[in-house]
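Work through the exercises below with the sequence and coordinates at hand. Each task is followed by its solution.

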Amino acid sequence: MPLASARAEKPRPQERPGFARLLLEGRAFFALIAIVTVFSLLSPNYFTVGNFLTMATHVAIFGILAVGMLLVILNGGIDLSVGSTLGLSGVVAGFLMQGVTLNALGVVLYPPVWVVAVLTCALGAFVGAINGVLIARFKVPAFVATLGVMYVARGAALLMTNGLTYNNLAGRAELGNTGFDWLGFNRLFGIPIGVVVLAVIAIVGGIVLGRSAFGRWLYASGGNERAAELSGVPVKRVQVTVYILSGICAAIAGLILSSQLTSAGPTAGNSYELVAIAAVVIGGAALSGGRGTVRGTLLGAFVIGFLSDGLVIIGISSYWQTVATGTVIVLAVLLNAVQYRRRIKLPPSLGGSNGSSTASLQSGGKQK
Amino acid sequence: MSAAVARDLPASDAILSARGVTKSYGNTHALKGVNFDIHRGKVTTLFGENGAGKSTLMKILSGVTTPTSGTIEYEGKPVELSSATIARDYGISIIHQELSLAPNLNVRDNIFMGRELRTPTGVDFAEEARQVRVVMAELEEEIEPTTLVQDLRLGQQQIVEIARALSINSRILIMDEPTSALSAAEVEVLFGLIRDLTSRGVSIVYISHHLEEALQITDFAVVLRDGLITATGRAGEIDMEWIVRNMVGENFDLGTPPTSRASGEVALSVSSISVGDAAGSGNLVVDRLSLDIRAGEIVCLYGLMGAGRTELLECIAGRVPMVGGKVALEGEDVSRLSIRERIARGLVLVPEDRQRDGLVQTMSVGQNLSLANIGAFVKRLLLSTPLERSVIDQSIRDVRIKTANRQAPIGSLSGGNQQKVVIGKMLAAHPKAILLDEPSRGIDVGAKAEVFRLLSEQAARGLAVVFSTSEVAECLSIAHRIIVMRRGRIAAEFDSSATKEQIMAASGEAVVS
C-alpha cells in the first residue's frame with residue numbers, strides 16, 4: 001500500500017494537539033452529527049423517532065453488506081459481487097417459499113421459514129467461497145473474480161425467475177411456512193428486526209476483529225501478507241473466510257430486503273456493492289488493507305443513509321443526490337489519505353467524511 | 001559509442017564532488033559528513049561493508065535522494081540534484097545493484113525508456129534499434145533489440161542495464177555491484193569497456209564486494225565505514241590488506257567467539273536440498289546442500305550476493321519450495337509442512353527484508369510481537385488481553401526493545417529495534433531452531449552487538465541458531481562454525497579460529513594468490 005509503505009524510519013511527527021486531530025479522527029462521527037443537525041433544521045419531519053427508525057431500516061441493509069465488505073477490504077481485497085448475491089439470495093428465498101416440487105417423489109416441499117433462511121445463508125456462503133477460492137487458490141485478482149461472480153449471480157437470479165418477481169412470500173398457515181415478513185416488519189422492543197440483526201452482526205464482527213485470533217490474522221495479512229505468512233498466519237484460509245463471511249452478510253441482507261419489500265426480484269441490490277464500499281471507505285478503512293473498524297464502517301453506513309434520506313425528505317432532486325454521494329466518497333478518501341500520510345501508524349480508528357454531502361442509492365431500498 | 005566527451009577540461013581533477021554530505025533516516029545516520037570526489041576520466045572505487053553508506057552516497061550523487069545537509073558540486077560549482085532526471089542532464093547515470101528494468105518490455109524499449117525518440121508519427125523504433133545494436137556491438141554482446149528482458153539471463157540483463165547508461169552519453173557512470181551477476185568472461189568484457197570509457201573521459205564510480213576484482217580496475221580507492229570516509233588512496237599505494245583494514249576498522253565488540261564446539265543433539269538437519277531459481281529456468285541456486293546444526297550451536301552462513309544463502313534459509317523455513325532433499329527438525333521430517341506448521345514445531349525464520357517480510361506496518365509493536373504466538377493467549381476462542389500483555393511485555397524485556405509502550409506504532413522504532421521486534425516475535429514462538437537472514441542488515445553497530453548478544457544468550461539456552469551475513473567481521477563474532485557458500489554449495493567450513501582472509505578467499509571475494 002502506498003501509504004503504509006512510506007519509509008518507516010522517517011521521524012514520526014509529534015501527536016498533533018487537540019482539536020484538529022480530534023476532528024480528523026472522528027470525522028465520520030462529526031459528519032453524522034452535522035447531517036442530523038442540518039436536516040433537523042430544514043425539515044420538522046426529520047428529527048422524529050418514526051423517521052429515525054425508518055432511516056435505520058434502510059441503513060440496516062447497507063450496514064450488513066458493509067460489515068461483510070469491511071472484512072474483505074481489511075484483507076486488502078474487494079467484493080463486487082455482494083449486490084448480486086443479495087439479489088440471488090432474495091430470489092432463492094422467494095423460490096423456496098413457493099414450495100419445491102420433487103417430481104421423483106411427486107411431492108411439493110414447503111420448508112419452514114427458518115430452513116429457508118439457513119439455506120439462503122448457505123447459498124451466500126457458497127457464492128463467497130467461489131470468490132475466495134478463485135482469489136486465494138487461483139490467484140485471480142479480487143476485482144476481476146468478484147466482477148465475474150457479480151455477473152454470474154445476477155444472471156442466475158434472472159434465469160431462475162425469467163426476469164419476474166416473486167410477490168407472494170407470505171406463506172400459508174396450513175403449510176407451516178408463514179413468518180417471512182417477521183424480518184422486515186416485526187420489532188423487538190420497538191426496534192425493527194433488520195436493525196437488530198445489523199446490531200448483532202456489528203457486535204459479533206467487532207468482537208471477532210478485536211478479540212479473536214482470526215481478527216488479528218486478518219489485520220496482519222491485510223497489513224503485510226508476506227510478513228503474516230512468515231509469522232505462521234494461514235493467509236489463504238483467512239482470505240477464503242472473509243469472502244464467505246461477506247457472502248453470508250449479503251444473503252442476510254437479501255432476506256431482510258425481500259421481507260421488507262414483501263417481494264423478491266432478481267434485480268434487487270443492483271449496485272449496492274458500491275454503497276457498501278463507500279460506507280467502508282467513509283468509515284476510515286484503507287482500501288489497501290489492514291486498517292478499519294466496524295465502528296467506523298457503521299458510522300459510514302449511517303452517514304450515507306441519513307444523508308440520502310434527508311435529501312429525499314427535503315425534496316432535493318435525486319440527480320443532485322447522486323452528485324452528493326460521489327462528493328462524500330471523494331472527500332472521505334482524501335481525508336483518509338491525509339490521516340494515513342501524516343500519521344502512518346495510527347491505530348485503526350473511526351474516521352470518515354467531513355460530512356457535507358450524501359448518497360442517493362439509499363432510497364432505492366424501499367422502491368424495489 | 002557515443003559516450004565520448006570532448007570539452008575543455010577545467011583544471012580541477014574532480015568532476016563531481018560531495019561536500020560535507022549527511023543523510024539521516026530518523027535516528028539512523030547513513031552518512032555523517034562525507035567529502036567524496038569523482039575523478040575525471042578515472043575509476044574511483046568505493047569500498048565498504050553493507051550498511052556503510054555506499055548506496056546512500058551514490059543515490060545522492062545520482063539525484064535519487066537528496067542529502068539532509070551538505071552540497072554537491074559539479075565542475076566546482078554547487079548544484080541541486082533534486083531528481084534523477086536532472087542528474088541525467090548533467091550526464092550522471094547509475095546502474096543500480098537491483099536491476100531496474102521492466103521485464104515485460106524488450107531490450108530496445110528498456111534502453112530508451114522515458115526518452116523515446118519521438119517523431120510526428122510516433123516513436124522511431126528503427127532508429128532506436130539501430131542505436132541499441134551499436135551499443136551492444138561495443139559491449140561485444142549479441143542481444144537482439146526486440147528480445148524481451150525477461151527472456152535474458154541475469155548477466156545479460158545486467159549488460160542491458162549498462163547499455164542503457166552508456167546510450168545516454170553519460171559523463172559520469174556509477175556502477176553499484178555491476179559484476180555480481182556476470183560470468184568471468186562478461187566481467188572481462190566489462191572491464192575492457194570501462195578502460196575504453198575512461199580513456200574517452202568518462203568518469204566511473206565503481207562499487208563492488210569483489211575486492212580483488214575491483215582492485216584491478218581501480219584508479220582511486222575510497223573506503224567508507226559507518227557513514228564516514230576512513231581512507232583514500234591511489235592505485236599503486238594500496239593493496240587488499242589496506243582495503244580490508246580500513247573497511248572493517250577497529251572491531252566493535254560483536255561478541256566473543258566460542259572456543260568449544262556445541263555438543264548438543266542435532267536440532268536441524270538439512271540433507272541434500274536443492275532450490276531452483278525464481279525464474280524457473282532450471283538452474284539451481286541451492287545445489288544439493290547438506291548441513292547439520294546442533295542444539296546450542298551458532299552457525300554463520302557467509303557468502304557473496306547470489307551465493308544462495310537467502311534461498312537456502314527460505315527453503316528450510318518453507319517459504320520457497322525445494323526441488324529435492326529433506327529438512328528434519330529433531331529427527332522429524334518437516335519437508336512437506338507449511339510455514340505455519342514448521343513454526344508450530346519450532347523452526348522459524350527472521351527474513352532478510354524487515355519492511356517487506358518481517359513487520360506488519362499497520363500494527364503496533366505489541367501486535368507485531370505477538371503475531372507468531374497468538375495461540376498462546378487464546379482462551380475460549382477469544383484473545384486474552386492480560387495474557388497477551390504479559391507475553392508482549394516479556395518479549396520487550398527479553399529482547400530489550402526500546403519502545404515507548406506496546407501500543408507504539410511499529411514505524412516509530414529505530415531500525416535496530418524493529419529488527420529486535422522481528423526476532424522477538426519469532427523467539428516468542430519458542431523455537432528449537434532459528435534462521436536469521438542478514439540480521440544485521442541496515443542497523444547500526446550498537447544494535448548489531450545487541451542482536452548478537454541476544455543470539456548468544458538464546459544459543460546458551462539450547463537454541464540452534466543459523467545466521468547469514470555478508471560481513472566478514474560478523475562471521476568471527478559469535479559463531480561456532482562458519483559455513484562459506486558459493487554458487488549454491490558449501491565452499492568451505494571453518495571453526496571460530498578462521499581468519500578473515502581465509503573466509504573471503506573461500507567465498508571467491510578475494511582471491512588470495
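Two residues are in contact if their C-beta atoms, placed from the backbone, lie within 7 Å. The model is predicted: local features need pLDDT of at least 70, side-chain atom pairs count only at pLDDT 80 or more, and totals for chains, interfaces and linings use all residues. Residues are numbered from 1 along each chain as its sequence is written, and chains are lettered from A and ligands numbered from 1 in the order in which they are written.

**Exercise 1.** Describe the fold of chain B in numbers.

Start with contacts between residues at least 6 apart in sequence: in chain B, 70% of them join residues at least 24 apart. Next, count elements, taking helices (H or I, at least four residues) and strands (E, at least two) as DSSP runs numbered from the N terminus. Chain B has 17 helices and 24 strands. Then take the extent: the C-alpha trace of chain B spans about 75 × 50 × 45 Å along its principal axes.

**Exercise 2.** Which residues form the side of chain B that touches chain A?

First, the totals: chain B gives 33 residues to the contact and chain A gives 28 residues. Second, the elements: α10 (339-345), α11 (354-358), β20 (382-383) and α14 (415-427) of chain B each supply at least two residues of that side. The largest share, four residues, is from α11(B). Third, the classes: nonpolar means Ala, Val, Leu, Ile, Met, Phe, Trp, Tyr, Cys and Pro, charged means Asp, Glu, Lys and Arg, and the others, Gly among them, are polar. The side of chain B that touches chain A holds 17 nonpolar, eleven polar and five charged residues.
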